[in-house]
Structure formats: structure tokens, C-alpha cells
Amino acid sequence: MRVALFVTCVNDTLFPGTGRAVVRLLRRLGVEVDFPRAQTCCGQMHANTGYREEAVRLARRSVAALRGYDAVVVPSGSCAAMIREQYPKLAGPSGPFADAVAHVASKTYELTEFLIDVLGTTDVGAYFPHRVTYHPTCHSLRGIRLGDRPLTLLRQVKGLELVPLPGAEECCGFGGTFALKNADVSAAMCADKVRAVLDTGAEVLCAADNSCLMHIGGMLGRQKSGVRVMHLAEILCSTEAVGVR
Amino acid sequence: MSVTFLGMPATRPFPRNAARAVRDSQLRFNLRKATRTIRAKRASVVAEAPDWAELREAGRAIKEHTLRNLDKYLVQLEESVTAAGGHVHWAADAAEANRIVADLVKATGETEVVKVKSMATQEIGLNEALLAQGITAYETDLAELIVQLGDDRPSHILVPAIHRNRAEIREIFAEHMSGWGRPAPEDLTDDPAALAEAARLHLRERFLKTKVAISGANFAIAETGTMVVLESEGNGRMCLTLPRTLISVVGIEKVLPTWRDLEVFLQLLPRSSTGERMNPYTSMWTGAAEGQEFHLVLLDNGRTGVLADEVGRQALRCIRCSACLNVCPVYERTGGHAYGSVYPGPIGAILTPQLRGMGSELDRSLPYASSLCGACYEVCPVAIDIPSVLVELRARAPHPWAERAGMAAAGWVLERSGRLARMQRAGGRLRRLVPRRLPGPLGGWTDTRDLPKVPEESFREWWDRTDGGRR
């Protein structure tokens with residue numbers, strides 16, 4: 001099986017540890033991933049801010065970079081949703097680009113989907129002795145409908161104490177450029193999410209999207225809360241032998 | 001083309017209105033409490049309906065079919081209403097609708113009218129237009145009464161006074177009821193039952209002596225000419241039956257083909273709006289009853305323009321249930337006034353810019369008044385894909401030049417992986433120079449949130465250096 005990692009521009013640039021964790025985790029499970037060097041960004045920021053031309057250009061180059069693989073793994077529910085749900089709209093009903101989009105979209109999996117649906121594993125042999133709460137980001141929850149896949153994986157992690165996050169399904173207020181264009185509302189939403197996280201007494205907040213974690217973590221950090229944010233992949237990657245990262 | 005009027009002047013952009021709203025702790029508390037209560041109620045009664053998904057799909061399909069054949073059904077509605085003894089008037093915009101209604105009221109010789117809660121009449125600013133003609137319109141819905149007495153504006157489609165708590169309502173009643181009719185009792189408390197009783201006595205007097213009533217309609221059945229109004233207090237029933245003349249202002253998208261179609265909507269609407277299994281007061285009338293006169297004013301006010309839009313037209317399926325408002329994390333923090341339209345929340349964010357155009361700063365900002373979290377789409381009983389329409393409207397909105405430049409620059413960098421890699425290397429070298437607070441619009445982030453630490457090495461640099469971790 002030829003598997004491509006679409007690491008996403010946010011992870012590539014700001015959270016390389018997440019990309020490394022995906023590579024190591026999948027290798028541990030017997031899957032060698034390829035990193036198509038031509039990839040950059042799925043184009044979601046442009047599409048959702050109203051810059052469709054740029055978004056189409058980025059969609060074209062992403063599809064070209066990811067074509068021909070048996071599976072594309074994306075450690076981001078949001079970018080996976082972009083490829084699977086928005087690309088077909090950007091590509092239109094027919095034509096070569098629409099065909100290429102349909103092909104790539106049908107092979108695109110968010111990390112937890114790939115682990116559970118493709119590899120058929122729920123226990124990835126991870127060890128993470130901490131109190132963790134999970135925030136199901138909007139695009140993971142309502143976009144690609146990850147359901148309880150992330151929780152299923154977290155429950156199998158040795159030593160991990162999983163605590164439920166109250167109001168988990170509520171948006172954290174990131175929303176891409178929403179966080180800048182409506183900064184006050186975004187911060188108000190984030191403040192409520194941060195309070196919910198602190199109420200759990202968790203040491204670590206985890207999610208399947210680093211962009212939302214960057215936002216919530218940014219406020220947790222500003223408040224000197226002591227709560228860490230971590231991408232799910234990094235928790236699943238850590239073992240007794242290797243530890244985190 | 002004149003700009004479609006939607007009951008409120010389009011003023012400052014949404015983010016500025018919202019910034020003020022989020023700092024109002026009383027408003028935040030009231031909204032949080034109210035939206036969460038209705039949200040939970042809705043969720044529980046929807047969960048107990050085993051065929052909800054099918055009902056939702058049926059609602060979507062009926063509305064879609066009707067809108068595609070609106071020309072046919074509107075003419076059929078006119079024929080049915082006329083055959084049942086009613087009079088049908090067509091209004092292209094707010095001004096025409098207001099003129100028709102004012103003339104009809106003047107023809108009765110009356111100077112006072114009672115009103116059933118109606119979004120269409122709010123949309124056209126009917127009360128103000130009537131007042132200019134010497135006619136006083138009295139709102140009889142409890143929440144609309146609170147808004148009217150408080151010289152306030154509605155902030156929610158279904159619960160117009162959602163931004164008020166009972167202590168504030170007590171003050172409004174005590175201070176202003178006497179100016180409009182029967183005063184509130186001297187010893188009025190903020191007990192909900194006492195407040196309701198004060199309103200009941202105040203309104204009862206009004207129902208018994210007013211000869212003209214104005215309503216909207218939730219549904220208008222083309223097949224039979226039947227108007228349908230759903231309400232919860234009985235005030236609508238009073239207005240619809242007691243007066244001699246009844247005038248209903250109804251948006252053209254409210255038509256349903258057949259009586260049987262109601263089966264679907266009388267299940268979808270109460271569960272989605274008030275979280276009730278069955279609506280408390282459902283009034284239906286066909287044409288004019290004996291000794292009464294009935295006028296139907298069919299209102300366009302920008303709707304045919306929306307209908308012509310392939311992506312945006314789904315907004316016309318809306319049955320004004322407010323489920324999207326109640327579940328919206330943005331609405332919960334800002335309330336309805338920030339949206340500068342009688343249609344607030346997610347549905348307002350897609351309806352207002354379509355009806356009114358994106359000529360003003362406010363209307364241009366409305367499609368961005370969402371984090372695209374998708375909660376609205378999930379609860380919509382007629383499956384309006386609000387996030388997709390928002391994204392479509394954003395693509396059409398004029399963008400500020402600074403943002404355009406930033407987006408173009410980002411697009412340029414991301415268009416070649418080599419450019420991205422060079423930017424990442426530069427970022428890695430300058431990582432210690434990133435300030436704690438950023439200037440300009442980027443300060444919106446750093447005012448409340450730390451920036452992420454820029455790593456020494458990007459993922460692709462690591463991949464190249466280590467051959468994907470193999471070295």
C-alpha cells in the first residue's frame with residue numbers, strides 16, 4: 001500500500017512534532033509513509049475567507065501532489081474535511097480536475113480513520129501516563145464525522161486517564177481568519193472553552209487539529225494555566241521506550 | 001436599485017457591534033442561560049422523534065419543490081384565497097407593503113391595530129410606517145410587548161426579548177405599561193407568573209376594543225387558501241378571531257402546495273423552535289369569516305432576487321424556527337442586535353446580505369460572523385447548509401485591500417513548495433525575534449492568546465535531513 005502523508009501547512013511550519021509523530025506511529029504499525037515534497041497547503045484559509053481563485057490553485061496543486069497513492073493520511077480533521085467536502089465544490093460537477101478530486105478525496109483519511117478503518121487497529125501500543133481531555137474539533141465532529149474514533153484510540157493508551165470535557169461539541173472559536181476578523185467573539189468563545197478544560201483538571205488537552213489547539217493553547221499559555229495542548233498523534237506515538245517526541 | 005429595507009438601518013460592521021456586546025456581562029449571562037435552556041429542550045424532543053431525519057428531508061424537499069414552482073403556487077394561492085372571500089394584494093417591497101396596509105387600515109376608519117408576532121411586518125418596519133400615518137400598532141406577543149414598551153429592538157426571531165431577564169422586564173412593565181394602556185400593578189414583582197398576569201390584563205383590554213388586526217403567517221396553503229399561524233400564548237388566537245378586519249403580511253416563500261404538507265411542518269417547527277412536541281396554539285383560517293374582512297399582502301422585498309441564486313436560494317426554505325440562533329456559539333456571545341437586521345444569527349448572516357446586498361460595511365461583514373462550526377446546519381429542520389452559503393457569500397463579498405494583499409502574498413508563498421521552504425527557514429532563523437504582541441489586525445490574536453513557538457526546523461526540513469526519520 002502506497003501511503004502519502006499530507007502533513008498540512010500548519011503542522012509543517014509550526015508543529016513539525018505532529019508530523020514526526022505520525023511518521024513514527026505509522027512505521028511502528030508497519031506502514032511506511034511517503035511525504036510528497038510538492039505539497040503545501042490545502043487552501044482552506046483562502047476558500048473560507050472568500051478567496052476562491054487562490055483556493056482553487058492550491059487545491060489543484062494538492063490534488064496533483066497526492067494523486068496515485070492508495071491512501072492519503074491527514075493529521076487534521078479540518079484539512080481532511082477541506083479535501084473531502086470542499087474540493088468537490090471547488091472542482092465543479094465534471095472535467096479532469098473533478099475526476100482527480102473525486103479520486104484523491106475517496107482515498108483521503110484523517111489519522112484516526114486511517115488507524116481504525118484502514119489498519120483495523122484500536123490499540124496502537126502507546127503509553128502516556130497523564131490525565132487527558134479530548135476536544136472534538138468542529139470539522140472533525142460535524143465535518144468528516146470522526147465520531148468516537150479518537151476516544152476509542154485514547155482509551156487503549158496505557159496509563160492514560162481520559163476525562164470528559166464538558167460542552168465538548170461546542171466550537172472553541174478559532175475558525176481560521178475568524179479568530180482575527182472577529183477577535184472579540186473568538187476570544188469570548190475560547191475563554192469558555194478554556195474554563196471547561198480547566199474544570200476537568202486535565203494536564204493535557206488533546207485534539208485532532210493543531211489549529212484549534214494553537215488557539216486554545218494560546219489562551220491557556222497566556223493565562224499560565226499549566227495545561228499543555230498536544231495533538232492526538234503525539235500521544236499515540238509515545239511509548240514507554242521512546243516517551244513523547 | 002433601491003436597497004431592500006429589513007427593519008433596521010445597516011450601521012457599523014458586525015465585529016464592532018459584537019465587541020460591545022461581548023463586554024456586556026448582563027447580556028452574556030441572559031443569552032447564555034436562555035439559549036442553553038432552549039438548546040437542551042430542542043435536543044431532547046428531537047432525539048425522541050425516531051423519524052427526525054426523514055421529516056427533515058421531507059421538509060427540505062417540499063420547500064425546495066415549492067420554491068422551484070413558486071410562480072404556479074402563488075397564483076393558485078391567490079385564486080384560493082379570493083374564492084374563499086379574501087382579498088389578495090401584491091407588494092414588491094417594504095414601502096409598497098406598508099402603503100397597502102396603511103390604506104387598508106385607514107379605509108376602516110380605525111387608528112389602532114393589534115398585532116400578532118410577525119417577522120414579515122418587522123422586516124418592513126410596519127409599526128413605524130403606520131405611526132407616520134397616525135395609526136398605532138400594539139404588539140400582543142409577550143416578548144414583543146416587552147420590546148415595544150422598552151422602546152427596544154428584537155434580538156431573536158422567536159424570543160425577541162431574549163436579551164432581557166425578568167428583573168429588567170419588571171422594570172419595563174412598571175415604568176411603561178401605563179403609557180400604553182392599563183398600568184402594571186403597583187406591587188409587581190419579577191415572578192414570571194406575576195409578570196405574565198400583568199401582561200395578560202394589559203393586553204386583554206386591548207383585544208376587546210381593537211377592530212383591526214395585523215398578522216403574518218407561518219404557512220399559506222395554495223390548495224385551500226388557508227393561512228396558518230403558530231404561537232404559544234393565545235394572543236394570536238385573540239387577534240385572529242376578535243377584530244372585524246384582519247390583514248396578513250406574508251412573505252412569498254411561505255406558501256406550501258397542499259394541506260397535507262402541514263403534516264411535516266407542524267412536527268418540524270415546534271420541536272425545532274420552542275422544543276415542544278406539539279405547538280400550543282395553531283390557528284388556521286381560510287378566507288374571511290362571516291362579518292369579517294380578510295386581506296392577504298404577499299411580500300417580495302428582495303426574495304425573488306434570492307430565488308434566482310443557485311447557492312443562496314436555500315435560505316428561502318427557512319421556517320423561522322431559530323434553532324440555528326439557539327445553537328450558534330457566536331449568537332450566544334453577541335445577541336441579535338449586533339447583526340443589524342431583524343434576522344439575526346446564522347440564518348440572518350446568510351439572509352440579510354442576500355436580501356439587502358453587500359453595499360454597507362455591516363452587510364459585508366455578516367458572512368464572516370461565523371466560525372463555520374456547522375452547528376447551525378446540523379439543527380436546521382429544512383437542512384439549509386448555512387456554512388456553505390456563508391462561504392459562497394464570502395467569495396462574493398468585496399475584500400479590504402490589506403487583506404487582499406496578505407492573502408495574495410500567502411497564496412504566492414504556498415503556490416510553490418520551494419517558496420514555503422524558504423519562508424520556513426527564514427522563520428526558523430528569526431524565531432526569537434517574534435514579539436509577544438503583534439501590530440494591527442494581528443493584534444486581535446495576541447491580545448488574548450500567546451503565539452505558538454516557531455520551531456527551529458520545519459517538518460519538511462526534518463524529513464530531508466533524516467530521510468523521513470530513517471537516519
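## Helix 16 of chain B

Let's start with helix 16 (residues 345–356) of chain B: twelve residues that reach 16 Å from the first C-alpha to the last, close to the 16 Å expected at 1.5 Å a residue. That expected span is 1.5 Å times one less than the number of residues. Helices here are DSSP runs of H or I with at least four residues, strands are runs of E with at least two, and both are numbered from the N terminus. This is a predicted model, in which local features need pLDDT of at least 70, side-chain atom pairs count only at pLDDT 80 or more, and totals for chains, interfaces and linings use all residues. Residues are numbered from 1 along each chain as its sequence is written, while chains are lettered from A and ligands numbered from 1 in the order in which they are written.

Helix 16 of chain B is mostly covered, with twelve of its twelve residues buried. Buried means 20 or more other C-beta atoms within 10 Å of the residue's own, exposed means 12 or fewer, and partly exposed is in between, with C-beta atoms placed from the backbone. Among the buried residues are Ile347(B), Ile350(B), Leu351(B) and Arg356(B). They pack against helix 13, helix 14, helix 15 (329–334), helix 17 (361–365), helix 18 and helix 19 of chain B; contact here means C-beta atoms, placed from the backbone, within 7 Å. Just after the helix, Gly357(B) takes a positive phi of about 85°.

Most residues other than glycine have a negative phi. Ser322(B) sits in the loop between helix 13 (303–307) and helix 14 (323–327) of chain B, and counts as buried because it has 27 C-beta neighbours inside 10 Å.

Ala383(B), also not a glycine, has a positive phi of about 55°. You'll find Ala383(B) in the loop between helix 18 (375–379) and helix 19 (386–396) of chain B. With 18 C-beta neighbours inside 10 Å, Ala383(B) counts as partly exposed.

## The six-stranded sheet

Chain B also has an open sheet of six strands in the order 1-10-7-4-2-3, with parallel pairing; two strands pair if DSSP finds at least two bridges between them. Strand 1 (87–91) and strand 3 (136–139) of chain B stand at the edges with a single partner strand each, so one side of each has no neighbour in the sheet. Neighbouring strands are turned by 25° against each other on average, direction ignored.

Inside this order, strand 4 (residues 212–215) and strand 7 (residues 245–251) of chain B pair in the parallel sense over four bridges. Val212(B) has Thr245(B) in strand 7 of chain B as its bridge partner.

Conventions
Axes fitted to C-alpha atoms, helices over the stretch in contact; angles between N-to-C directions. Contact = placed C-beta atoms within 7 Å.
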